[in-house]
Amino acid sequence: MNIAQIERQALCDLLQRVGPEAPTLNEGWVTRDLAAHLVLRETRPDGALGVLIKPLAGYTKKVQDRIASTPWPELLDRLRNGPPRLSPFGIPGVDARANLGEFYVHHEDVRRAQDDWEPRPADGERYRALERMLMKMGRLLLRRSPFTVRLDPGTGQPFVGHGSDKPGGVTVVGSPDELTLWCFGREDVAQVELIGSETDVAALRAAERGL
């Protein structure tokens, strides 16, 4: 299995353990809502448009709420079994690329909302996959950053996540796991260090990140 598939199965195992009404880091969502969001994303491309197109957000919520009303065991089975063959996410190779960040971050959204959560052991394969993803997606995730942002995955060899001609800049240091959470906007739980002037660090913290 690729890392995206491993994260999917681990998330489903966790959802089964904590149940449909457990908290998540996603404001206003319990675990049932998060599972419905992931199923919607892979099975109802029309319904998922509201995630990116704000005027369609109401329609997306209606579709997601309908999916969320599915009996919990059935909803988990749909999530665990992955996208149907006719879904864009069912195209060979798409799952590994398009679902890695989604499932890793949402897995942590559930894990870190529980009282008993602990940092995961380091995993070189997961680290490498997430680092490669950030090298490709950094420009998108950090597009609202006011200046250059460098990401240092603990190697002392940072790479540019977002480039800018404007003066100033910040280096964000952390494991690839934590950098991924930070780039997707989970600043409150991401265990990273921001290195730069106080003014630049404050400006970067105020900038929205993620999709």
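**View 1. Charged side chains of the predicted chain.** The chain carries 28 positive and 30 negative side chains. The centres of the two sets lie 7 Å apart. Lys and Arg count as positive, Asp and Glu as negative; His and the chain ends are not counted. Each charge is placed at NZ of Lys, CZ of Arg, CG of Asp or CD of Glu. This is a predicted model: local features need pLDDT of at least 70, side-chain atom pairs count only at pLDDT 80 or more, and totals for chains, interfaces and linings use all residues. Residues are numbered from 1 along each chain as its sequence is written, and side-chain values use heavy atoms, with hydrogens and water left out.

**View 2. Helices and strands.** The chain has 10 helices and four strands. From the N terminus on, the order is α-α-α-α-α-α-α-α-β-β-β-α-β-α. Helices (H or I, at least four residues) and strands (E, at least two) are DSSP runs, numbered from the N terminus.

**View 3. Confidence along the chain.** Mean pLDDT (the predictor's confidence in each residue, from 0 to 100) is 91 for the chain. Of its residues, 96% reach 70 or more. Among the elements, helix 3 (residues 45-48) has the lowest mean pLDDT, 66. Helix 9 (residues 176-183) has the highest, 97.

View 4. Of the 211 residues, 47% count as buried, meaning under 20% relative accessible area (1.4 Å probe, protein chains only). Contact means heavy atoms within 4.5 Å. Among contacts between residues at least 6 apart in sequence, 58% join residues at least 24 apart.

**View 5. Extent of the chain.** Along its principal axes, the C-alpha trace spans about 50 × 40 × 35 Å.

Key:
Buried means under 20% relative accessible area, exposed over 50%, partly exposed in between (1.4 Å probe, protein chains only).
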